[in-house]
Amino acid sequence: MRRTLPVVIALSIVGGGMLLTGVVENRYFYFATYVILQYIVLSTAWNILGGYTGYVNFGTPAFFALGAYTSTFLMLFCEAPLLVSIPAGGLISGLLGLGIGYLTLRLKGVFFSIATLALTVVLQTLIINWEFVGGAKGISIIRPVAIPFFRNYVQFLFVVMLGLAVGSLAIARWIEHSWIGLGLAAIRDNEEAAECMGVPTLRLKLFAAVVSGGLMGMAGAPFPYHISLIEPLSAFNLDYAVNSLAMPMIGGTTTWVGPLVGAVLLGTAQQVATVTISSELNLLIVGVVLVGFVILAPDGIVGLLQRMLKRK
Amino acid sequence: MSSPLLDVQHVTKRFGGFHALTDVSLQVHDGERVGLIGPNGSGKTTLINCIAGVLRIDGGRIRFRGTDITTRPAHQRTRLGIARTFQIPKPFTSMTMLENLCIPLTYVRPRQVHGGDIAAAAMAILERIGLAGKAHVTVSSLTLIELRKLELARAMAARPLLLIADEAMAGLSSVEVDEILAILVRLNDEGITIIMIEHIMRAVMRFSSRIIVLDAGQTIADGTPEEILRHSAVEKAYLGT
């Protein structure tokens, strides 16, 4: 029962999302919720390497865009459907994750972070010069007209991303409570001591980097369908790096709940601000909130609540 | 004579142009209590980093229980039975004491943990070392002696055949030194071979059945405590001519 309960909850959330598409019609609702769900995936994925393992990755845009361009390529090359592109994007970005996993052998702390940032720039340059996928000017994507079971494609994308969000939270939760999570925490606290206490640090870091990168790639795969145009500037947007780091920091980095809380709060605030004030205000909000949290609640909202409960 | 537990053969370690260890050879046998001494910068910690696998050596071979472990990563050496403590304690700071011990218990032969109950095994070790009352305290609030004991407890949790204690007593009062010594003696009585690196001569002399002296990256003496005290090269290394 204890094992099946989370599965039941996960399935009912996705099922609830599908039912919702029969009730609420407003397309903008799905469009905006999709972005928030996408950030749940990105921040949860980021947290597996950044929060659990302690390797701060600024390369989220690289992994996300690689997933997006993998699905663009597959669409142009063989008209692959989205449900094929998602695992493919995850696979390719997971391989990139394996690469940055090996980087951790030589680069730690801030040097690792800078390397991941550089990775983003290098990949973006490559894509800009690759005409087949649109190069610098990008390429428009024509969504399939009809999709079975759904009234329109936006609703379909919403349910897909809901599934990815629930899936990545489940993976993060599983890692956190398994022996792998214990080893990752040991690496975060002191890598040398972890290795000397029998933790296979390299293997665990590679695992974390592959899972983290793979999930980011899967989040990126539906992106071209979502905005029906893909070009390097939006796919490699620095917002992804900042947000996927800020959301777990605000929510709390040591549990799977943290990125979820952070992504829902910050993601919603950004969507509201985009509609009511201006779209440029997004990053300003993130910056101010992040500074506030780093000073007032360095362990995030989850850490804050845990401390309050302990005091009682 | 049976083959040694640890066999270090002609080990060389360089950092750039600096020779930290030059052609160091030593053997440690089952059940021994070996003291490793030498002036600051003589290569003691480098040597145990090479034995534990934190550093790769530039020449020579290291064997443990007859297996060549020269190229094995550190975590595999721990699983084979080499555990070490750190000179500057390196606890897992976000965890409680009990959780600290759960890391080696989970990652080193977990199937052999009695009854498969990791938490109970960790608690048993804390009880033996006299820290059971602090099992659920986070590491950041511990005193130096508690940190040093945690280092030992964590190494014990890896259930080693060979325990290397790197200055496990540095900075402690003489009562506390006796406390740590008693723990080490008890572990040795249970069959764990121990290499102790120490600057506190009183402790080394009392504890060791054999002492190895390093100076400038070379072994200059190897013998019983009495022999070492009479050794002129040791005196020279410590006091100058």
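**View 1. The right-handed crossing of α3(B) and α5(B).** In this predicted model, in which local features need pLDDT of at least 70, side-chain atom pairs count only at pLDDT 80 or more, and totals for chains, interfaces and linings use all residues, helix α3 passes helix α5 of chain B in a right-handed crossing, the near helix being turned clockwise from the far one by less than a right angle. Residues are numbered from 1 along each chain as its sequence is written, and chains are lettered from A and ligands numbered from 1 in the order in which they are written. The two axes, lines fitted to C-alpha atoms over the stretch in contact, with angles from 0 to 180 degrees between N-to-C directions, come within 7 Å and cross at roughly 30°. Helices are DSSP runs of H or I with at least four residues, and strands are runs of E with at least two, numbered from the N terminus.

**View 2. Residues where α3(B) meets α5(B).** From α3(B), B:Met97, B:Asn100, B:Leu101, B:Pro104 and B:Leu105 meet B:Leu150, B:Ala153, B:Arg154 and B:Ala157 of α5(B), contact meaning that C-beta atoms, placed from the backbone, lie within 7 Å. These residues divide into 7 nonpolar, 1 polar and 1 charged, where Ala, Val, Leu, Ile, Met, Phe, Trp, Tyr, Cys and Pro count as nonpolar, Asp, Glu, Lys and Arg as charged, and the others, Gly among them, as polar.

**View 3. The open sheet of chain B.** Its 4 strands have the order β2-β1-β4-β5, with antiparallel pairing, and a pair needs at least two DSSP bridges. The edge strands, each pairing on one side only, are β2 (18–28) and β5 (67–68). Strand β1 (residues 6–15) is joined to β2(B) by 7 bridges, and B:Val8 has B:Leu26 in β2(B) as its bridge partner.

Conventions:
Two residues are in contact if their C-beta atoms, placed from the backbone, lie within 7 Å.
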